[in-house]
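Subject: Structure handover

Hello,

Here is the structure I promised to pass on. Please open it alongside this email, and my notes follow below.

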Amino acid sequence: MSTPASGTTHQIESRHPGWPARPGALRVPAGVVALRPVRLRDAGEWSRLRLRDRVYLERWEPTAPGAWDERNSITAWLPQWSSLRRLGRQGLCLPFAITVDGVFAGQITLGNVIRASLRSAWVGYWVSSELAGKGVATAAVAMAVDHAFGEAGLHRVEATVRPENGASLRVLAKAGFREEGLFLRYLDVAGAWRDHLCFAVTAEEVEDGLCARLVRSGRAEHA
Ligand SMILES: CC(C)(COP(=O)(O)OP(=O)(O)OC[C@H]1O[C@@H](n2cnc3c(N)ncnc32)[C@H](O)[C@@H]1OP(=O)(O)O)[C@@H](O)C(=O)NCCC(=O)NCCS
């Protein structure tokens, strides 16, 4: 029988289903969208995009201590990446970088992974403002959800969005999420408790997958 200490080590070192992973790519108007695990060397692009896109990102993101420029400096990436990598290794999170034509363009994370009889996660994402409106987030959500229901063995993916976030609502509609209800004062975002609409999709609803559905609708091609 293993001791608690060796059990803990085993848990940290083990891989959970579907991680690490590089789900298949889709071509959209912006270019070829692909997902891969976040890397330490994403620091430069991650920081450059997030410092430039402060106005576009900050009002939709959870409130956090410290100034935006400090939280999004190149050196701030190391603890964030390290925490995401640890959560990935523990099976609690699938932290993907979104790339377009091979270049870092944002992040999509399947977080709060719970297994046993729930087998659920939330999905969260952001995309560089330079690429806005060119199908990147919708393709990334479709790839992440297909991966969640495939290799990762999950059953339900949830997304919570402020009712004012028209672009994100549109992404979820295009990807095929279903609205479930309104969570009042749900999350501390941009300095206040904000209502959020809850959307979800379960494995039974996606038939041959959200990527295949996007391709059929003419919004993407298999790359
Ligand atoms: C939300 C976000 C990820 C969308 O990324 P994207 O790559 O531009 O998404 P897509 O191109 O796949 O789809 C965006 C859709 O929203 C539409 N849209 C953009 N702004 C909109 C607005 N204010 N109101 C309604 N629709 C809007 C676009 O026209 C497009 O729809 P279409 O294809 O029917 O024309 C991006 O805007 C972002 O990173 N925002 C800041 C962070 C954020 O809000 N994250 C999500 C938190 S829940």
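Which residue takes a positive phi just after α7? Glycine 176 does, at about 105 degrees. Keep in mind that this is a predicted model.

Take the pairs from the β1 side. Strand β1 covers residues 26–28 and pairs with β2 in the antiparallel sense, over three bridges. Two residues separate β1 and β2, and the two strands form a hairpin. Arginine 27 has valine 32 in β2 as its bridge partner.

Next come β2 (residues 31–37) and β3 (residues 94–100). They pair over five bridges, again in the antiparallel sense. Two of the positions to look for are these:
- Leucine 35 has isoleucine 98 in β3 as its bridge partner.
- Proline 37 stands opposite phenylalanine 96 in β3.

β4 (residues 103–114) and β5 are antiparallel too, with seven bridges between them. Leucine 110 is bridged to valine 123 in β5. These two strands also form a hairpin, with five residues between them. In that turn, alanine 116 has a positive phi of about 55 degrees.

How do β5 and β6 run, parallel or antiparallel? They run parallel, joined by three bridges. β6 covers residues 156–161. Alanine 121 stands opposite valine 157 in β6. To get from β5 to β6, the chain passes through α6, and this β-α-β crossover is right-handed. Serine 120 has arginine 156 in β6 as its bridge partner.

On to β6 and β8. Six bridges join them, and they run antiparallel. Valine 161 is bridged to leucine 197 in β8.

**The ligand**

There are 21 residues around the ligand. Those that come nearest are Trp60, Ala137, Thr138, Gly166 and Arg170. Which element gives the largest share? It is α7, with five residues.

What kinds of residue make up the shell? It divides into 13 nonpolar, six polar and two charged residues.

**Helix α7**

α7 also has buried residues: Ser168, Val171, Leu172, Lys174 and Ala175. Look down the axis of α7 and they fall within an arc of 165 degrees, so they line one face of the helix. An α-helix has 3.6 residues a turn, so residues three or four places apart point the same way.

What covers the buried residues of α7? The cover includes α6, β6, β8 (192–202) and α8 (210–216).

**Serine 129**

Serine 129 lies in the loop between β5 and α6. Is serine 129 buried, exposed or partly exposed? It counts as partly exposed, because it has 14 C-beta neighbours inside 10 Å. Leaving aside residues up to four places away in sequence, serine 129 touches Asp53 and Tyr56. Tryptophan 60 is 69 residues from serine 129 in sequence, and the two are 13 Å apart in space, C-alpha to C-alpha. Tryptophan 60 is also one of the residues that come nearest to the ligand.

Best wishes

Key: Residues numbered from 1 in each chain as written. Predicted model: local features only at pLDDT ≥ 70, side-chain atom pairs only at ≥ 80, totals over all residues. Near = placed C-beta within 6 Å. Helix = DSSP H or I, 4+ residues; strand = E, 2+ residues; numbered from the N terminus. Nonpolar A, V, L, I, M, F, W, Y, C, P; charged D, E, K, R; others polar. Pairing = 2+ DSSP bridges. Right-handed = clockwise from strand over helix to strand, strands pointing away. Buried ≥ 20, exposed ≤ 12 C-beta atoms within 10 Å, placed from the backbone. Contact = placed C-beta atoms within 7 Å. Arc of directions from axis to C-beta.
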